[in-house]
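Please keep the sequence and the model in view while reading.

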Amino acid sequence: MNVATATLVALLLVVTCSPSEAHLDGVPNTCCVSYQKHPIPRSLVASAYITSSSCTQPGVILVTKKKKELCTDPQLPWVQAHLKYFQTMKN
């Protein structure tokens with residue numbers, strides 16, 4: 001595998017494994033291009049929010065205590081439980 005091919009593969013992996021930023025009218029929106037596959041313990045999560053409706057794929061962003069943003073599938077029960085927990089904390 002040559003260097004150009006290896007670089008392209010590495011770049012594609014980074015793009016598919018991390019949240020992407022879309023800028024409409026200067027307002028950043030985080031959209032998910034892929035989902036975290038394993039459940040994240042609530043003790044590691046500082047906050048959660050739903051991605052914009054303008055994103056091509058629905059998602060819930062879990063922000064860890066170390067400020068890392070993880071895209072998750074909003075249909076999964078453990079993700080719904082995290083969302084419910086953080087919505088209750090706001091009220």
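What is the handedness of the disulfide of Cys32 and Cys71, and why? The torsion about its S-S bond is about -95 degrees, so this disulfide is left-handed.

The model is a predicted one, in which local features need pLDDT of at least 70 and side-chain atom pairs count only at pLDDT 80 or more, whereas totals for chains, interfaces and linings use all residues. Residues are numbered from 1 along each chain as its sequence is written, and side-chain values use heavy atoms, with hydrogens and water left out.

**Overall layout**

The protein chain holds two helices and five strands, where helices (H or I, at least four residues) and strands (E, at least two) are DSSP runs numbered from the N terminus. Along the sequence these elements follow the pattern α-β-β-β-β-β-α. Of the 91 residues, 27% count as buried, a term that stands for under 20% relative accessible area, with exposed meaning over 50% and partly exposed in between (1.4 Å probe, protein chains only). Among the contacts with a separation of 6 or more, 34% come from residues 24 or more positions apart, contact being heavy atoms within 4.5 Å.

**The disulfides**

A disulfide is taken here as a pair of cysteine sulfur atoms within 2.5 Å, and by this rule there are two disulfides. With bonded cysteines counted along the chain, their pattern is 1-3, 2-4.

| Disulfide | Distance between sulfur atoms |
|---|---|
| Cys31 and Cys55 | 2.0 Å |
| Cys32 and Cys71 | 2.4 Å |

The link of Cys31 and Cys55 has -80 degrees about the S-S bond and is left-handed. Cys31 and Cys55 are buried.

**The sheet**

Three strands form an open sheet in the order E3-E4-E5, with antiparallel pairing; two strands pair if DSSP finds at least two bridges between them. E3 and E5 stand at the edges with a single partner strand each, so one side of each is left without a neighbour in the sheet. Neighbouring strands of this sheet are turned by 25 degrees against each other on average, direction ignored. E4 and E5 run antiparallel and are joined by four bridges, and Leu62 has Leu70 in E5 as its bridge partner.

**The helix across the sheet**

Helix H2 (residues 77-90) lies across E3, E4 and E5 and runs at about 100 degrees to E3, with axes as lines fitted to C-alpha atoms, for helices over the stretch in contact, and angles from 0 to 180 degrees between N-to-C directions. Which residues of H2 are buried? They are Trp78, Val79, His82, Leu83 and Phe86. Seen down the axis of H2, the buried residues fall within an arc of 140 degrees, so they line one face of the helix; the arc is that of the directions from the helix axis to the C-beta atoms. What covers these buried residues of H2 includes E3, E4 and E5, while on the other side of H2 Pro77, Lys84 and Thr88 are exposed.
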